[in-house]
Amino acid sequence: MTTHPVLSGGDVAPAPLTHEQLRELYALMSAVRRLDTAAVAWQRQGIIPGYAPELGQEAAQVGSGYAVDRTRDFVFPTYREMGVAKAMGLDMVGYMSTHKATWHGGMYNPLESRFAPIQAVVAGSVLHAVGWAHGQTLGGHTDSGVAVTYFGDGASSQGDVHEAMNFAAVMKAPVVFFVQNNGWAISVPTERQVAGGSVAARAAGYGIPSLQVDGNDVVAVYQATQSALAHCRSGNGPVVIEAMTYRRGPHSTADDPGRYRTLEEERLAAGEDPLERFKQRLLAEGVADEAFFAEAQRAAEEEAEAIRTGIEELGPRPGAEMFSMVFQEPTPDLQSQATAWREESEHV
Amino acid sequence: MSETTMTPVQDAEAPAPNVVTMSMQQALNLALDEVLGENPKAVIFGEDCGRLGGVFRITDGLQAKHGEDRVFDTPLAESGILGMSVGLAMAGFHPIPEVQFDGFAYPAINQIVCQIGRMNYRSRGTLPMPITLRVPSFGGIRAPEHHGESLEALFAHVPGLKVVSPSTPNDAYHLLKYAAGRPDPVIFMEPKSRYWQKGPVEFAAGNPTGARVAKEGRHLTLVAWGAMVSRCLQVAELAAEDGIDVEVLDLRWLKPIDAEALARSVGKTRRAVVVHEAPLTSGLGAEVAQLITQSCFDTLKAPVERVTGFDVPYPSGDLEDEYIPNIDRILFGIQRVLEYRRD
């Protein structure tokens, strides 16, 4: 499925992944799978009010996030990029706090994490990636940082995605447009969302090279992302990657996929589980053994438990932050509203 | 204080004059030039801002002087311009984008409201948005549809945004320099019908915060901003012929509104008329009236009057003068306030 347009990223092809890196990728995917399924359970248990699962997208998210250079690149996520966050080593309690309804953008530090605040507006941050990326090129920087912007097949319908691709191409901004085509935008399937059937195909209209990659093959995703990053870094402008994957779960914990697709359809369309598929490959290639997988599973469970404890301990933020976080230089009106709130509530 | 007219070439030996007469367009251009010179992170961009210097020439000559990295043209898409501003701000820049006309802000409203106004909040203060969005605003130039809108109430209603509008070249210079130095987003509404009016710019004395008393008076206060300030000053002159001493308060900052200045002025005059071009219903006049009522209820001689545009789409040029508050309508507003008697 992976297509290979001409991407120029310097003379050196990316080095193949070492066995240790392959095992690390699996461990990350395993941790993401565990945290994802745990988060759905936490919602059912009343620990968090809602969650947007990424079940089935572990390879697309971990493979791409693992390729990001955290010393210079910057990632612009949506609300369904937990796997990218995990692969980039984010503070996962800080990340999951958005689903705990602690703070919209999450409690992690976006500048230190190289991971923008969680974005609830579909396609909202795609243009931010273009601006950030253009900023890297001002003053003639070479070997620059690259912006990686995530969005889905549903978001590809938004006009901002068109504007972003056009701006990035005109300005030769180093942006990787990473589309996870997971088959569904809540209840609407790709064929009723994406005219022509492929977001990657649209890139040609902007003169942007694109890759359509098997989004359930973590190594293929990693390599595609690596070559796209190298292409961008060398001053060649943006790249579109469309990772073909499948949203195995509901859109969110409030969704009911039974209203728009049957279990049989899900089973047929989902194909092979990316986690199981990678496991079989590592076993077949002798990269990892059963003991490794058991340990990965144990570590994933332990980590999910620690994150649950972490978010349960978070507690609500002080109400005063509603006011203090709005501006760098608060207005007198807002300060008087804050004063009134403090005096008229029991939060003195 | 010496007062001179701005000339293209200054004598290098002569000391820089403290007061120079120039148009608002020149004052804005000069302010942007100085901002670019003083702040290496400032970048100016938008439709036709580069080589052309903007359709109103506000960025005239800036690309040639400061380079294409600092002043550049974008494709013709306002959401793109504003969305890009967010990313540049996240990367540590101080974007000064332009939307070419007020009505062109509508296609960018998602980026302005959902992103620019909220990123500092969403990121818990780690990603400030030091964006100064220049919007040529208001009517009065017989332009096509969507070229004469007054969006101040819409912007002022959005948490996380600040809104300002200059009425004179002096304020245009000082307010723009001040806004461009702020760490928060400022919507900078330029009264396009006043671009070519000249006035003194005092370089040394800039007071860029709060409202400004444009003319002192004793009998009532006209509250205005943008292009309506000069019209209110005309009205004040006419009213003076009838012995009515009008104070004109140029609000300048529309968010935050200088409530203390309102209280001071109307506390003295005890009567107020708010004048704006925007439609009446839910316009900023209502906010101003409430602030005045809050501070001056006990001493007010009459309800605060509003003389505004109407709740209609901004009309075509031929009807523009019927829509924008004119001298007669403002005088009627003054009359209603002066003649008001309690039962």
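Where in chain B is the place of B:R57?

**Figure 1. B:R57 in a loop of chain B.** In this predicted model, the place of B:R57 is in the loop between strand 3 (42–46) and helix 2 (62–66) of chain B. The backbone angle phi of B:R57 is near 65°, which is a positive value in a residue other than glycine. The relative accessibility of B:R57 is 35%, and because partly exposed residues are those between under 20% for buried and over 50% for exposed, B:R57 counts as partly exposed.

**Figure 2. B:R142, another residue with a positive phi.** B:R142 lies in the loop between strand 6 (132–137) and helix 6 (152–156) of chain B. Although B:R142 is not a glycine, it has a positive phi of about 55°.

**Figure 3. The cis peptide bond at B:P256.** The peptide bond that leads from B:K255 to B:P256 is cis, and its omega is near 0°. The place of B:P256 is in the loop between strand 13 (253–255) and helix 9 of chain B.

Figure 4. B:R271 is found in the loop between helix 9 (259–269) and strand 14 (272–276) of chain B. Is B:R271 buried or exposed? With a relative accessibility of 18%, B:R271 counts as buried, because the cut-off for a buried residue is under 20%. When residues up to four places away in sequence are not counted, B:R271 touches B:H219, B:L220 and B:T221, and also B:V266, B:L300, B:K301, B:V337 and B:L338. Sequence and space can also be compared for B:R271 and B:P303, which are 32 residues apart in sequence and 7.7 Å apart in space, taken from C-alpha to C-alpha.

**Figure 5. Strand 2 of chain B and its antiparallel partner.** Strand 2 covers residues 19–23 of chain B, and five of its five residues are buried, so the strand is largely enclosed by the rest of the structure. From strand 2 of chain B, the residues B:V19, B:T21 and B:S23 point one way, while B:V20 and B:M22 point the other way, and all of them are buried. Which strand is joined to strand 2 of chain B by five bridges? The partner is strand 9 (residues 198–202) of chain B, and the two strands run antiparallel. Within this pairing, B:V19 has B:E202 of strand 9 of chain B as its bridge partner.

**Figure 6. Strand 6 of chain B and its parallel partner.** Strand 6 of chain B is mostly covered, since six of its six residues are buried. On one side of strand 6 of chain B point B:T132, B:R134 and B:P136, whereas B:L133, B:V135 and B:S137 point the other way, and all are buried. Six bridges join strand 6 of chain B to strand 8 (residues 186–191) of chain B, and these two strands run parallel. In strand 8 of chain B, the residue that stands opposite B:T132 is B:V186.

**Figure 7. Chain B as the setting for the close-ups.** Chain B contains twelve helices and 15 strands. Its radius of gyration is 20 Å, close to the 20 Å that the globule rule gives for 343 residues, so chain B is as compact as a globular protein of that length. The C-alpha trace of chain B spans about 65 × 50 × 40 Å along its principal axes, and 58% of the 343 residues count as buried. Among the contacts in chain B between residues at least 6 apart in sequence, 80% join residues that are at least 24 apart. The accessible surface of chain B comes to about 13800 Å², and 51% of that surface belongs to carbon and sulfur atoms.

**Figure 8. Chain A as a whole.** How many helices and strands does the secondary structure of chain A come to? There are 13 helices and seven strands in chain A. The radius of gyration of chain A is 21 Å, close to the 20 Å that the globule rule gives for 348 residues, so chain A is as compact as a globular protein of that length. Buried residues make up 55% of the 348 residues in chain A. The mean positions of the 26 positive and 43 negative charges of chain A are 3 Å apart.

Notes. Residues numbered from 1 in each chain as written. Chains lettered and ligands numbered in written order. Predicted model: local features only at pLDDT ≥ 70, side-chain atom pairs only at ≥ 80, totals over all residues. Heavy atoms only, no water. Helix = DSSP H or I, 4+ residues; strand = E, 2+ residues; numbered from the N terminus. Rg over C-alpha atoms; globule rule 2.2 N^0.38 Å. Buried < 20%, exposed > 50% of the residue type's maximum accessible area, 1.4 Å probe, protein only. Contact = heavy atoms within 4.5 Å. Areas by Shrake-Rupley, 256 points an atom, 1.4 Å probe, with all protein chains shown as cover. Pairing = 2+ DSSP bridges. Lys, Arg positive; Asp, Glu negative; His and termini not counted. Charge placed at Lys NZ, Arg CZ, Asp CG, Glu CD.
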